[in-house]
Amino acid sequence: MAVTACQGLGFVVSLLGVGGIIAATCMDQWSTQDLYNNPVTAVFNYQGLWRSCVRESSGFTECRAYFTMLGLPAMLQAVRALMIVGIVLGAIGLLVSIFALKCIRIGSMEDSAKANMTLTSGIMFIISGLCAIAGVSVFANMLVTNFWMSTANMYSGMGGMVQTVQTRYTFGSALFVGWVAGGLTLIGGVMMCIACRGLAPPETTYRAVSYHASGPNVAYKTGGIKASSGFGPTTKNKKIYDGGARTEDEVQSHPSKYDYV
């Protein structure tokens, strides 16, 4: 029961995490305009992985997609690749984990097969969560670097006495969604890997003992004749003559003078 609960909880947590990674990838607010010490507040800019948007004070919002691939920064393309890999691995992991659930029976699937599928999906969830966390962290690091560079350029004129108007960007809501979603996916993958140990059937080691079937009934004879077992040539019951000195075969092979009377 505990293994089933752990597996089911890991699946639900991973499902929420993968859904959050998809939502974070599609969100536009990866970077938002920093309004601190900004005299112009009529326009608010924010950017995502796929397009940049401008929102005016009147409520009108206009978004423009990035119509170029090679013109984008290399770090932005790396973040895109990491998020897409995380989504693909998470989707495959969800598909595998559905068939690996202990509460679902598909044909005559054994527990060992379900254990292997659970372990596979758990590893996929862990890699998916790490990709999402890495992608969001790379974008956040890029934002921090650009923020301090923009701050330094703002106070560079006239020995720092003149402040120039320059747009600076800070963390958007998509970054926090991506961090939380990546963490949930990672935790769900670890829970699936833990549940795999309980689903695997225990291996019993024992010494194999060879068993031989017993032969036919052993016939015991009087007069010093050895008993016959079933593992040799079939022997017939022999009659004994002269007090056990000769058998029937010997009598027939060596006729005596009384045989001709």
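A crossing of two helices is left-handed if the near helix is turned anticlockwise from the far one by less than a right angle, and right-handed if clockwise.

**Entry 1: ground rules**

I am reading a predicted model, where local features need pLDDT of at least 70 and side-chain atom pairs count only at pLDDT 80 or more, while totals for chains, interfaces and linings use all residues. Residues are numbered from 1 along each chain as its sequence is written, and side-chain values use heavy atoms, with hydrogens and water left out.

**Entry 2: the overall list**

I looked up the elements and found five helices and seven strands in the protein chain. Helices (H or I, at least four residues) and strands (E, at least two) are DSSP runs, numbered from the N terminus. Read from the N terminus on, the order is α-β-β-β-β-α-α-β-α-β-β-α.

Next I checked burial. Buried means under 20% relative accessible area, exposed over 50%, and partly exposed in between, using a 1.4 Å probe and protein chains only. Of the 261 residues in the protein chain, 29% are buried.

I also looked at contacts, meaning heavy atoms within 4.5 Å. Among contacts in the protein chain between residues at least 6 apart in sequence, 61% join residues at least 24 apart.

**Entry 3: how two helices pack**

Here my opening definition comes in. Two packed helices are described by the angle between their axes and the distance between the axes. Axes are lines fitted to C-alpha atoms, for helices over the stretch in contact, and angles run from 0 to 180 degrees between N-to-C directions.

Helix H1 (residues 2-26) packs with helix H2 (residues 74-100) at an angle of about 155 degrees, the axes being 10 Å apart. That makes the two helices, H1 and H2, roughly antiparallel. For the wording, angles under 35 degrees count as roughly parallel, over 145 as roughly antiparallel, 65 to 115 as roughly perpendicular and the rest as oblique. The crossing of H1 and H2 is left-handed.

Which residues meet there? On the H1 side I noted, among them, Phe11, Leu15, Val18 and Ile22. The H2 side includes Met83, Ile87, Gly90 and Leu94.

**Entry 4: the sheet**

I then turned to the strands. Strands of a sheet pair through backbone hydrogen bonds, either parallel or antiparallel. Two strands count as paired if DSSP finds at least two bridges between them.

I found an open sheet of five strands in the order E4-E3-E2-E1-E5, with antiparallel pairing. Strand E5 (169-171) and E4 stand at the edges, each with a single partner strand, so one side of each has no neighbour in the sheet. From one strand to the next, the twist averages 25 degrees.

Thr32 has Thr170 in E5 as its bridge partner.

Strand E3 (residues 51-56) and strand E4 (residues 61-65) run antiparallel and are joined by five bridges. Ser52 is bridged to Arg64 in E4. E3 and E4 make a hairpin with four residues between them, and Gly59 in the turn has a positive phi of about 100 degrees.

**Entry 5: cysteines**

How many disulfides does the whole structure hold? My search found one, counting a pair of cysteine sulfur atoms within 2.5 Å. The disulfide is formed by Cys53 and Cys63, with sulfur atoms 2.1 Å apart. Cys53 sits in strand E3 and Cys63 in strand E4, 10 residues apart. The link of Cys53 and Cys63 is right-handed, with 110 degrees about the S-S bond.

Are these two buried or partly exposed? Cys53 is buried at 2% relative accessible area, and Cys63 is partly exposed at 31%.

Cys196 is in no disulfide, and the nearest cysteine sulfur, that of Cys193, is 7.1 Å away. Cys196 counts as buried because its relative accessible area is 10%.

Leu82 lies in helix H2 and is partly exposed, at 26% relative accessible area. Leaving aside neighbours within four places in sequence, Leu82 touches Cys131, Ala134 and Gly135. Leu82 and Ala134 are 52 residues apart in sequence, yet their C-alpha atoms are 7.4 Å apart. Cys131 is buried, at 13% relative accessibility.

Val138 belongs to helix H3 (residues 111-154) and is partly exposed, at 25%. With neighbours within four places set aside, Val138 is in contact with Met75 and Val79.
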